[in-house]
Each structure stands twice: as C-alpha cells, then as structure tokens.
Amino acid sequence: MTQTATARTTRTSATPATDVPPERRGRTIIPEAVVARIAAGAAREVEGVLDVRRRGVVPWNERSRADVDGGLAMLSLDVSVAYPAPLRTLTDRIRNHVAARVHYLTGLAVGHVDIEVTSMVPGQRPARTTELAEGARR
C-alpha cells in the first residue's frame, strides 16, 4: 500500500502541463504555404466561387499566397467566379469567410485579404446553386 501512495505523491508533485501558462508552453509555427492552402479551401466554400488559382500558364503555380508575421496573416487570392455575379458582394463574402475560417483553424489574426477576380465563367454555376435551381423547377 505504501508503493501506491508513493506513486500518487510523485504524480501529483509533478506540474501538469495545464498548470503552465500558455505563453510558457512553447510556440506553434504554421508555415505560410499551409495558411495559403487553408485560405484557398475556405474561398472555395463560398457559393459562386469556381476555383482559386494564381494567374499564369504554368498549372502548378501557387493558388494563393499568405504572408505570416507573428500572429498576423496577410492573404492574396486569385479566384474564378460564375457569371453573372455581383462582384462587390461576392468578394466581400469571400473576404469575410476566408478571414473567419483562417482565424478559426490557425488562431492567426487576418489583417488583409486581397482578392483578384481572374475570370468570370458564363454558364458555370456552383453545384449547390444548380441543385437548388433544379429543385425549384420541379
């Protein structure tokens, strides 16, 4: 019985990680490429966005860019959208959604989201919009 009591005493005398203040536990570094991918994925979640990519003929170019300085992220996205679309409203929705998702998933504050609409594709509708329109016709 003494061995059990000793083991319990030893365990409780060690400082659990939860008792250490967060600023002393270390730091998590999220690479800029990961933040850029999260931002691109979040932009694709917005209805009306067809694709997020960087302009250029090389298909393996970056789809987005993130600059991270401490706890602040600055994002740049090139997006293709369905035509017709109210661009100001759509880019505001993209900007707000991307900032919220990046902050939620990484803990980084988003200072700025640059959005460049690189193409408006006529006749293309996101799957969700098409499904809703077909359901309304029936």
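Which residues form a nonpolar patch on the surface? Tyr-83, Leu-87 and Met-120 do, with about 260 Å² of accessible area together.

## Ground rules

This is a predicted model, where local features need pLDDT of at least 70 and side-chain atom pairs count only at pLDDT 80 or more, while totals for chains, interfaces and linings use all residues. Residues are numbered from 1 along each chain as its sequence is written, and side-chain values use heavy atoms, with hydrogens and water left out.

## The patch

Patches take residues with over 30% relative accessible area and no salt bridge, joining like charges within 9 Å and nonpolar side chains (Val, Leu, Ile, Met, Phe, Trp, Tyr) within 5 Å. Areas come from the Shrake-Rupley method with a 1.4 Å probe, and for residues only the protein chains shown count as cover.

Met-120 sits in strand 4, residues 109-122 (strands are DSSP E runs of at least two residues, helices H or I runs of at least four, numbered from the N terminus). Its relative accessibility is 31%, so Met-120 counts as partly exposed (buried is under 20%, exposed over 50%, partly exposed in between; 1.4 Å probe, protein chains only).

## Salt bridges

The whole structure has 4 salt bridges, meaning a side-chain nitrogen of Lys or Arg within 4 Å of a carboxyl oxygen of Asp or Glu. One of them pairs Arg-101 with Glu-45 at 3.5 Å, N to O. Arg-101 is in helix 3 (residues 87-106) and Glu-45 in the loop between helix 2 (32-44) and strand 1 (49-52), so this pair ties together parts 56 residues apart in sequence.

Asp-92 and Arg-95 also meet in a salt bridge, at 3.4 Å, N to O. Both lie in helix 3, 3 residues apart, or about one turn of the helix.
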